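User: I'm new to this one. Can you walk me through a few spots in it?

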Amino acid sequence: MAQHGGGRGWNSKMVGAALGVTLLATGASVWTAQAGSADGPPPQASAPAARDAVKPVAVTIAHASDKGARGINLTIDDGPDPTWTPQVLDILREFKVKATFCMVGTQAQAHPDLVKKVVAEGHRLCDHTVAHNTAMDKAPESYQSQQILDAERMITKASGGVRPMYYRAPGGAFTPYSRKLAASHGMRPLGWNVDTKDFELPGTEAIVATVKEELSNGPTLLFHDAGGDRTQTVEALRRLLPELREQGYTFGFPVR
């Protein structure tokens with residue numbers, strides 16, 4: 001989720017919901033990638049996830065599409081949600097579009113059937129932490145590690161063994177440490193180019209207009225399928241997907 005005032009209530013709820021997990025773990029420019037350099041070896045996680053054949057990926061923040069200059073990456077954040085994720089999936093299926101779902105660990109743990117459905121329909125998974133704390137970049141490295149790796153485990157378990165391929169920091173609160181840690185676990189740090197601000201409920205027309213006006217900024221679009229009423233998001237996707245395809249765009253995944 002992008003950083004904006006409308007997200008505070010959802011963020012507070014997610015931080016509270018994940019507090020028990022945190023305590024348990026603690027006790028035990030267009031179309032280009034953008035990020036500062038990160039020197040040194042990958043950080044050591046205090047509670048590493050299973051590493052079966054996981055290959056490290058680039059630590060730079062991905063924005064580009066694997067479909068090239070006319071590619072679009074559709075990314076859906078903060079779910080899965082039992083009301084809105086199925087509706088988003090229905091639209092994606094109708095228009096034969098694949099997306100990347102950036103899942104909050106506690107949401108994935110609560111709705112494993114939806115995580116499996118996302119995977120079964122050919123979409124990709126992204127780690128969006130346990131608590132969706134947009135101040136993660138101010139937190140100790142031990143907290144960052146717990147948030148990323150516990151969410152990785154939750155999502156992987158909920159999916160039936162499919163690992164997240166990306167890591168998106170809540171509100172874009174990346175650090176060199178979190179990027180290196182995620183990359184060492186095979187999760188490419190994932191940014192965005194167009195924030196639709198659908199979280200603020202600006203209206204379907206405003207969401208559609210934002211995408212059209214800002215698409216020249218780059219290919220990765222940010223939407224949400226949780227955290228409140230997502231009716232406007234669903235309707236905006238229903239309008240945008242066929243229009244963008246008619247304009248010659250293709251839908252792909254962020255580069256890895």
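Analyst: Here is a short tour, with some ground rules to begin.
Analyst: This is a predicted model, where local features need pLDDT of at least 70, side-chain atom pairs count only at pLDDT 80 or more, and totals for chains, interfaces and linings use all residues. Residues are numbered from 1 along each chain as its sequence is written, and side-chain values use heavy atoms, with hydrogens and water left out.

User: Which cysteine sulfur is closest to that of Cys102?
Analyst: That of Cys126, at 3.1 Å, which is too far for a bond.

User: New topic. How do helices H3 and H5 cross?
Analyst: The axes of H3 (residues 84-94) and H5 (residues 112-120) cross at roughly 10° and come within 11 Å. Axes are lines fitted to C-alpha atoms, for helices over the stretch in contact, and angles run from 0 to 180 degrees between N-to-C directions. H3 and H5 are therefore roughly parallel. Angles under 35 degrees count as roughly parallel, over 145 as roughly antiparallel, 65 to 115 as roughly perpendicular and the rest as oblique. Helices (H or I, at least four residues) and strands (E, at least two) are DSSP runs, numbered from the N terminus.

User: Which residues meet there?
Analyst: From H3, Thr85, Pro86, Leu89 and Arg93. From H5, Leu114, Lys117 and Val118. Contact means heavy atoms within 4.5 Å.

User: What about Thr75, where is that?
Analyst: Thr75 is in strand E1 (residues 71-77). Thr75 is buried, with a relative accessible area of 0%. A polar atom of its side chain lies 2.6 Å from the backbone oxygen of Leu221.

User: What else does Thr75 touch?
Analyst: Leaving out residues up to four places away in sequence, its contacts include Thr100, Arg168, Leu190 and Phe223.

User: Last one: where is Ser184?
Analyst: Ser184 sits in helix H7 (residues 176-184). Its relative accessible area is 10%, so Ser184 is buried. The Ser184 side chain reaches the backbone oxygen of Leu181 at 2.7 Å.

User: How far is Ser184 from Val57?
Analyst: They are 127 residues apart in sequence, but 6.6 Å apart in space, C-alpha to C-alpha.

Note on methods:
A disulfide is a pair of cysteine sulfur atoms within 2.5 Å. Buried means under 20% relative accessible area, exposed over 50%, partly exposed in between (1.4 Å probe, protein chains only). A polar contact is a pair of N or O atoms within 3.5 Å; within protein, one must be able to donate a hydrogen and the other to accept it, and residues adjacent in sequence count only if both atoms are side-chain atoms.
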